[in-house]
Protein chains: 2
Amino acid sequence: MTLILSNEDVSKLLTMRDVIDVLEEAYEELAEGRGVNRTRSDTLTPTSYPEATYGLKSMDGVVPKLGVGAVRINSDIVTWPKRGNNVRREKVPAAPNNRWVGLVLLFSTHNGEPLAIFPDGVMQRTRVGATNGLGAKYMSRPDSKTVGILGSGWQAGTQLRAVCAVRDIKTIRCFSPSKDNREKFAREMSDDLGITVTPVEQPEDAIRGADIAMCASNSIDSIFFAQWVEPGMHLSEIKRPEIEFAALEKADRIAIHTKDPHPLHFTTKDLAMPDKIKGKGWAEAKATLDIATLPTLPELIVGRAKGRDNPEQVTAFLNNMGMGFQFAAAGSVLYRKAKEAGAGHDLPTDWFTEDVHP
Amino acid sequence: MTLILSNEDVSKLLTMRDVIDVLEEAYEELAEGRGVNRTRSDTLTPTSYPEATYGLKSMDGVVPKLGVGAVRINSDIVTWPKRGNNVRREKVPAAPNNRWVGLVLLFSTHNGEPLAIFPDGVMQRTRVGATNGLGAKYMSRPDSKTVGILGSGWQAGTQLRAVCAVRDIKTIRCFSPSKDNREKFAREMSDDLGITVTPVEQPEDAIRGADIAMCASNSIDSIFFAQWVEPGMHLSEIKRPEIEFAALEKADRIAIHTKDPHPLHFTTKDLAMPDKIKGKGWAEAKATLDIATLPTLPELIVGRAKGRDNPEQVTAFLNNMGMGFQFAAAGSVLYRKAKEAGAGHDLPTDWFTEDVHP
């Protein structure tokens, strides 16, 4: 049977600890050439949806040690509204019942069969958190106790869960532009983590004195600035260019999640996407940073590179780009736990296989 | 509702004429920069299946004019057995009930929703046929009457259907190494096409005097040789290097399906794939042909290039590589006809969408 799981199933079954542990194991496979990732691609075209762009995104990865491969697909209606000073990237829940469209398909490397199909949302935020959690594990000071986070949205909670899973965090301060949002977030995360999360009125108040500074917004403009960098601090972001480039220049050591390219494919006609988005991403960083010399997360994990040499160094972890490989690794744990728990809808595997040579 | 369709549904609903017509329309979109393809990628790793390689293949494409995007996925157990003098690429039906695994997911560009999920096999052979059919339409002599085909397997039938859809074919001769196979194929295709298909004992007997020579094997060695080329002949193949390179050198005009690259991603350890496969494909052709100067099928269709200048020229159409774009285009027709016919299983769209921002 092919298992159809929901986000509720994923929430219930898959813990942050599960994902951090299985990613650590899987990255070792990647570093040693025994696992493979096919980098994310974005295919962007016009849509009839007003002032939006249609995006079909996919990424694949295979972890033979775990017996699985995965393809993650997003079918997005994307807009770029301006909020305050910042342009944000927002996906519109335009599918029936006001829903978003993201799917993971999990396959067996033993016989090719489709094991499971499930929405990507909960796993996505967990893997984003776990990735920055692993960045913090290998780069931040081992005695880090204080976290400052910028953002209180759908990604911020898993960022905190992840950093608390790898460091003995005692103090968390959170800034986001909306008072209501940051206060609600602080209440909820204090309960969730058993650690007091304090909402603050200015971003500087969150960052000042933090051992670990995390950006967790959906801004495509910078929100973390060079004058906030302190000795010994570890910086992380969810996407370029949340940490402004001048702040990165103050880092003694920078590691990146992956050096895989990120191909954009788009129509040459009628695209609503702002020009500055096209090919933006890493352009600035590539122009100045010597990317080739930066260690990747898998290299940190297998000890081929060191995250920091001393407690005074400033470290930064960049490029938390989704990898199909991560969805395969996390999917293997989810599938095992779902089978044990009898979760999900079983559909006939024959619906997703064929007696015709493809 | 999201529609789950079977290969039987696709067979019943989607005609060769449908696919040729919709591809012709879609290629115009591609040529004009109004449609986008994300080229096929293959991710190859070890598998526990004996003497095989696991392959996770994906390709995406979006045709805004038709309101759809598609991702095609194959999860294959691949072997390279030697049959006679030739090495063949064979996928093992290793999934439960001895089945193969190939899926197409069709999405709406209007609101992102998953419209349909169906196996790829029948559409795959139809699109392979239709692509070479379009190649023949734009390159072969308009008065072509005779076809010689090498191969009698799962791809050969749709090659014939396609060429008969674009030219007024009167005579077809077929060679394949197994007498039983070619005779059975000839009987079946004679019935199917209403044109006598004659099985012959040597490949030369099929090709001699043919206006259109088609290779439709699963050999990864050459099966069509330079000494068989005759003035005015149009040559096609399903994959490199069925037509030997010396035969291509005799062609006055060569067009290729697409110039998109075809990235291979593979583990550096323990791969059962023969060394000569890795990166083979176009290596030889690229070393000699000036690929950049060759017209593509979309360019032929919009008239930016000419298939032939006179009846004496030898023409060749190459690189029938699958494109997600083709599955989107053909999928749009299939989906419309399936809705009209009430075909398939309806599943709740909510199973494949989410209320969580991905």
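In this predicted model, chain B is superposed on chain A by a rotation of 180° with 0.0 Å of shift along the axis, at an RMSD of 0.0 Å. The two copies are thus related as by a two-fold rotation axis. A handy landmark for finding this axis in chain B is B:S58, whose C-alpha is the nearest to it, at 4.3 Å.

Turning to the contact between the chains, 66 residues of chain B meet 66 residues of chain A. On the side of chain B that touches chain A, at least two residues each come from β2 (36-46), β3 (53-63), β4 (68-79), β8 (102-108), β9 (114-119), α3 (121-139) and β16 (264-266) of chain B. Of these elements, β4(B) gives the largest share, with seven residues. Sorted by class, this side of chain B holds 28 nonpolar, 26 polar and twelve charged residues. Because 100% of the interface residues of chain B are also interface residues in chain A, the copies meet through the same surface.

Within chain A, the domain assignment gives domain 1 (2-123 + 323-352) and domain 2 (127-318). Their C-alpha centres lie 22 Å apart, and the contact between them takes 34 residues from domain 1 of chain A and 37 residues from domain 2 of chain A. On the domain 1 side of this contact, α2 (16-31), β2 (36-46), β6 (86-87) and α10 (324-341) of chain A each supply at least two residues. Here α2(A) provides the largest share, ten residues. The side of domain 1 of chain A that touches domain 2 of chain A comprises 15 nonpolar, nine polar and ten charged residues.

How values were computed:
Residues numbered from 1 in each chain as written. Chains lettered and ligands numbered in written order. Predicted model: local features only at pLDDT ≥ 70, side-chain atom pairs only at ≥ 80, totals over all residues. Contact = placed C-beta atoms within 7 Å. Helix = DSSP H or I, 4+ residues; strand = E, 2+ residues; numbered from the N terminus. Nonpolar A, V, L, I, M, F, W, Y, C, P; charged D, E, K, R; others polar. Least-squares fit on C-alpha atoms with pLDDT ≥ 70 in both. Domains from an automatic or database assignment.
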